[in-house]
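Good morning, and thank you for coming. I would ask you to look at the structure first, and I shall then go through a few of its residues and contacts.

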Amino acid sequence: MEARASELPRIGEANWFPSTPARLLDQAGRRPDAPAYAFHSGNGWITRSWADYARETRQAARALIALGCARDDSVAILGFNRREWTIAAHAAMMAGGRPAGIYWTSAPPEIAYILQHSEAPVLLVETMEQARDALALKDDCPALRHIVVMDGEGEGGLILSWDRFMSLGEDVQLDETVDGRLAAIEENQVGSLIYTSGTTGPPKAVMLTHGNLAWSASAIREMFGGRPGDRLLSYLPLAHIAEQQASVHNHVNGGGCLYFARSMETLGEDLKTARPNIFFGVPRVWEKMADTLKARLGEATGTKAKLARWAMATASDHNAAVVSGRSPSPALKAKMALARKLVLSKVKKALGMDEARVLISGAAPISVDVLRFFASLDLIIYEGYGQSETSAPTSFNAPGQVRFGSVGKIIPHMEWRLSEEGELLVRGPNVFAGYMKNNDATADAFTREGWMRTGDIVSVDDDGFVFITGRIKDIIITSGGKNITPANLETELMDIDLVEHAVVAGDNRPYLVALLTLNAEALSAFAKKHSIGADPKSHPKVREEIQSGIDRVNARYARVENIRKFAILDAPLTVQGGELTPTMKVKRKVVIERSQAALDALFA
């Protein structure tokens, strides 16, 4: 029987649909004094209760209504992870609208596009600098009426401080309106807009309904056994579905205490403070952590080094049995207990992971070597897979069901099948409602029978574990978990006078690079102008000219989409050589496969 979000238990005497804001108020009603979140004031960590969280959210919802936000309006939010971000997201939903997150690294054209597309009347930003930048976009964003600064004094007029914004919600008479909009929330109403890159063109707005979000949060809690009081750490971009699911929707469903990291630079220190029970990381975070640990372990000498190697070997053997579903032998269990006492517990405490129960990696593929390294430290990472279009989860490794190298099993109550090309097709209560204002893209995302196309080619073993073997779409997913469409970047790179063809690479890598071929005529003219003799491709002035062009392209994109390095290929791309189609389109996969040596040098 097909699972439905409508089957989730209703909440309270008001019989609310279990939307995220309803679950927040429910937590406050049942556990008012329990800690809900913690943030650093600059002088120390401050904790707020569930009663505080609910009160602040209600006040912010009233403030949005006072500013004229109507039902189904979008509220755009830009900034690093902080309590004001999630309060605003909850308040937008409570007021009958939906948050539209913007990455804090977004360039002004991207911000303007999201404001225009979402028609958001209110934009929340973190700093006054961001507020002034947004104000400069006002003429291009006619729906924008108010800008709220989460950490700043405001300037009056369109720009309000957070305190001034919250003061607008002091009118408790607006509670009746808030309650009416909260009661009207049903599973098919859009609860969040996730702006994600498509295969071509500008970002698409994934419409996730309250049913999608509520059902996914319940499914994740069921898989990983979330407990009231669990500690979590919020640090990845809240505009990304994975972090938004964790820090907004899962958080209020589980009832734990959410710590807001101060910055990416303080992540290590904040981990030690939060000591999370559940921690989500993209591969790049796990990779950096592994590199740091390996360097420190490499400094050990003598007896300490031997003891560390013994403990890690013991943990590897023990956890190899655990993840495969076998019970370790009594002798191995005894060795493991000793290894934990002498070494492993100290390493985990130094990381802030001594009380971690669930460690998750997602948003991009992670190396099996990294997973095995952490398993040797008695830290089992559960790799998962999903998209914005599935509200984050599609498949997961989970306690008792782990296979390194796979992305786990399709989550319970979700249906799947493979197309003739091997593409994974899915459907279920977590599958999105479509792309806002883009009927063509929505139609392309589904088969005639209603299956959602994931764009990923997979194999599924006899035990149900899913292995991703390729992507039908040409989307690059960096090791930081950011989805990037290379087509627009490549088009702009080919606008540089000296460049003929460009291929952007960086899949499962920490940054983007470009493989370039040069226009023979333009190169000849440039060489003549600058009195360059033989082999102009390798001349410093040519590279400087290309770098200048790349800098101009980079200025129009977010930092994560910037081209960090480039290589000039020896030969042009041709139809005869197999790098171009008959219609002169670049075969990206062919070029990348043939340029591995150049790519290895760029990523060295």
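Let us begin with Arg-83, which lies in helix H3 (residues 83-94). Helices here are DSSP runs of H or I with at least four residues, strands are DSSP runs of E with at least two, and both are numbered from the N terminus. Please keep in mind that this is a predicted model, in which local features need pLDDT of at least 70 and side-chain atom pairs count only at pLDDT 80 or more, while totals for chains, interfaces and linings use all residues. Residues are numbered from 1 along each chain as its sequence is written, and side-chain values use heavy atoms, with hydrogens and water left out.

Is Arg-83 buried or exposed? Arg-83 counts as buried, because its relative accessibility is 17%. The cut-offs are these: buried means under 20% relative accessible area, exposed means over 50%, and partly exposed is in between, with a 1.4 Å probe and protein chains only. Leaving aside neighbours within four places in sequence, Arg-83 is in contact (heavy atoms within 4.5 Å) with Tyr-37, Phe-39, Glu-56 and Phe-260.

Arg-83 also brings us to the charged pairs. Side chains of opposite charge can pair when their charged atoms come close. A salt bridge is a side-chain nitrogen of Lys or Arg within 4 Å of a carboxyl oxygen of Asp or Glu. The side chain of Arg-83 meets that of Glu-84 in such a bridge, at 3.8 Å from N to O, and both residues are buried. Which residues are linked with Arg-83 in a network of salt bridges? The network joins Arg-48, Glu-56, Arg-82, Arg-83, Glu-84, Glu-126 and Asp-151. In the whole structure, the search finds 29 salt bridges.

Arg-55 and Asp-52 form a salt bridge through their side chains (3.7 Å, N to O). Both residues lie in helix H2, 3 residues apart, which is about one turn of the helix. Arg-55 is partly exposed, with a relative accessible area of 45%, and Asp-52 is partly exposed at 23%.

The other pair is Asp-600 and Arg-509, whose side chains meet in a salt bridge at 3.7 Å, N to O. Asp-600 lies in helix H20 (residues 596-602) and Arg-509 in the loop between strand E24 (499-505) and strand E25 (512-518), so the pair ties together parts that are 91 residues apart in sequence. Asp-600 counts as partly exposed, at 42% relative accessibility, and so does Arg-509, at 29%.

I turn now to the nonpolar residues. In soluble globular proteins, nonpolar side chains tend to be buried together. A nonpolar core is a set of buried Ala, Val, Leu, Ile, Met, Phe, Trp, Tyr and Cys residues joined through side-chain atoms within 4.5 Å. How many residues has the largest nonpolar core? It has 128 residues, and those with the most contacts inside it are Trp-286 and Phe-374. Helix H2 (residues 50-66) gives the most to this core, with 8 residues. Another core, of 26 residues, lies apart from it and has Ala-100, Ala-120, Ala-131 and Leu-193 among its members.

As for Trp-286, its contacts beyond four places in sequence include Phe-279, Met-353, Leu-359, Val-370 and Phe-374.

Val-206 is found in strand E9 (residues 204-209) and is buried, with a relative accessible area of 0%. Beyond its neighbours within four places in sequence, its contacts include Leu-193, Ile-194, Phe-432 and Tyr-435. Val-206 and Asp-72 are 134 residues apart in sequence and 15 Å apart in space, C-alpha to C-alpha.

Val-190 is found in strand E8 (residues 190-196), and is buried with a relative accessible area of 12%. Among the residues in contact with Val-190, again leaving aside neighbours within four places in sequence, are Gly-97, Arg-98, Met-207 and Leu-208.

Finally, Thr-390 has its place in the loop between strand E14 (381-385) and strand E15 (395-396). Thr-390 counts as buried, at 0% relative accessibility. Leaving aside neighbours within four places in sequence, Thr-390 is in contact with Ser-216, Met-414, Val-426, Asn-430, Val-431 and Met-452. Thank you for your attention.
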